[in-house]
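We will go from stop to stop, and each stop tells you what to select.

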Amino acid sequence: MKPLALVFALTLALAGCAQFQQQAALSSGISPGEVEWARKSGRNTVTGNASLKSGGTTYTCAGQSANLIPDTAYARARMTAIFGNATRGQRAASLGPVKFERDDSLYVQSLRTARCDASGSFSFPGVPDGVWYVTTSVKWQDGSQGSSMMQRVDVQGGRLVKVMLP
């Protein structure tokens with residue numbers, strides 16, 4: 001009976017390790033026309049702040065990149081692979097990053113990046129109307145603690161959109 005329990009425990013341990021090396025394959029890429037709108041300048045501004053509390057201490061995304069990613073089928077599939085959905089989510093740093101077989105070059109070229117300031121705030125001015133994903137990370141203890149986070153936003157008509165992550 002004890003050898004069976006040992007085999008079961010070893011199987012669970014190996015399954016747990018597999019989550020740290022999660023690989024995802026995305027079946028389709030982005031067509032150039034799908035992101036053309038996102039390359040233009042607009043009248044909207046997306047601002048935000050990212051922070052997490054742990055043990056009475058508040059940690060922010062200070063020094064990390066915040067990303068503004070245009071909505072495409074590829075981006076939705078990617079968000080779902082990382083966060084479990086394409087609306088709003090968190091992924092614990094302890095799970096490790098999701099690795100993709102390849103990054104679509106148009107995905108990389110069409111995202112916008114801003115640096116989080118000391119208070120964990122970021123801003124994207126000149127954003128065109130459309131649906132976007134805001135992503136960033138809050139990490140501490142050499143990146144082993146914290147989370148990556150995402151929120152889907154719809155910006156229209158020259159608005160200021162404020163995002164609070166998580």
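**Stop 1: the end of the chain**

Select Pro166. This residue is found in the segment after strand 11. A cis peptide bond joins Leu165 and Pro166, with omega at about 0°. Most peptide bonds are trans. Keep in mind throughout that this is a predicted model.

**Stop 2: the whole chain**

Switch to a cartoon view. How many helices and strands are there in the protein chain? There are four helices and eleven strands. Of the 166 residues, 40% are buried. Residues 24 or more positions apart account for 76% of them.

**Stop 3: the disulfide**

Select Cys61 and Cys116. Their sulfur atoms are 2.2 Å apart and form a disulfide. A search of the whole structure finds one disulfide, and you are looking at this pair. What does the bond tie together? Cys61 lies in the loop between strand 3 (57-60) and strand 4 (65-70). Cys116 lies in the loop between strand 7 (112-115) and strand 8 (121-127). The pair therefore ties together parts that are 55 residues apart in sequence. Check the torsion about the S-S bond: at about -100°, it makes the disulfide left-handed. Are the two cysteines buried or exposed? Both Cys61 and Cys116 are buried.

**Stop 4: the largest core**

Select Val46, Phe122, Phe124 and Val134. These are the residues with the most contacts inside the largest nonpolar core, which has 22 residues. Which strands each supply at least two residues of this core? They are strand 2 (44-54), strand 4, strand 8, strand 9 (130-140), strand 10 (145-155) and strand 11 (160-165). The largest share, four residues, comes from strand 9. In soluble globular proteins, nonpolar side chains tend to be buried together.

Stay on Phe122 and show its surroundings. Leaving out residues up to four places away in sequence, Phe122 touches a list of residues including Val46, Ala66, Ala114 and Val134. Cys61 and Cys116 from the previous stop are also among the residues it touches.

Now select Leu26, Tyr74, Leu106 and Met150. They are among the 16 residues of another core, which lies apart from the largest one.

**Stop 5: Arg78 and its partners**

Select Arg78, Asp103 and Phe100. The side chains of Asp103 and Arg78 meet in a salt bridge (2.8 Å, N to O). Asp103 lies in the loop between strand 6 (99-100) and helix 4 (105-110), and Arg78 in helix 3 (residues 73-83), so the pair ties together parts that are 25 residues apart in sequence. Asp103 is partly exposed, at 45% relative accessibility. Arg78 counts as buried, at 11%.

The charged end of Arg78 sits over the ring of Phe100, 4.1 Å from its centre.

**Stop 6: the other salt bridge**

The structure holds two salt bridges. Select Arg76 and Asp71. Their side chains meet in a salt bridge (2.9 Å, N to O). Arg76 is partly exposed, with a relative accessible area of 36%. Asp71 is buried, at 17%. Side chains of opposite charge can pair when their charged atoms come close.

**Stop 7: Arg39**

Select Arg39. This residue sits in the loop between helix 2 (32-35) and strand 2. Arg39 counts as partly exposed, at 43% relative accessibility. Which residues is Arg39 in contact with, leaving aside its neighbours within four places in sequence? They are Leu106, Gln109 and Arg112. The C-alpha atoms of Arg39 and Pro128 are separated by 8.2 Å, though the residues are 89 apart along the chain.

**Stop 8**

Finish with Gln141 and Asp142. Gln141 is found in the loop between strand 9 and strand 10, and Asp142 is placed in the loop between those strands too. Most residues other than glycine have a negative phi. Phi of Gln141 is near 55°, a positive value. Phi of Asp142 is near 60°, also positive. Color by accessibility here. Gln141 counts as exposed at 54%, and Asp142 is exposed at 86%.

Technical notes. Residues numbered from 1 in each chain as written. Predicted model: local features only at pLDDT ≥ 70, side-chain atom pairs only at ≥ 80, totals over all residues. Heavy atoms only, no water. Lys NZ or Arg CZ within 6 Å of the ring centre and 35° of its normal. Disulfide = S-S within 2.5 Å. Buried < 20%, exposed > 50% of the residue type's maximum accessible area, 1.4 Å probe, protein only. Core = buried A, V, L, I, M, F, W, Y, C linked by side-chain atoms within 4.5 Å. Contact = heavy atoms within 4.5 Å. Salt bridge = Lys/Arg side-chain N within 4 Å of Asp/Glu carboxyl O.
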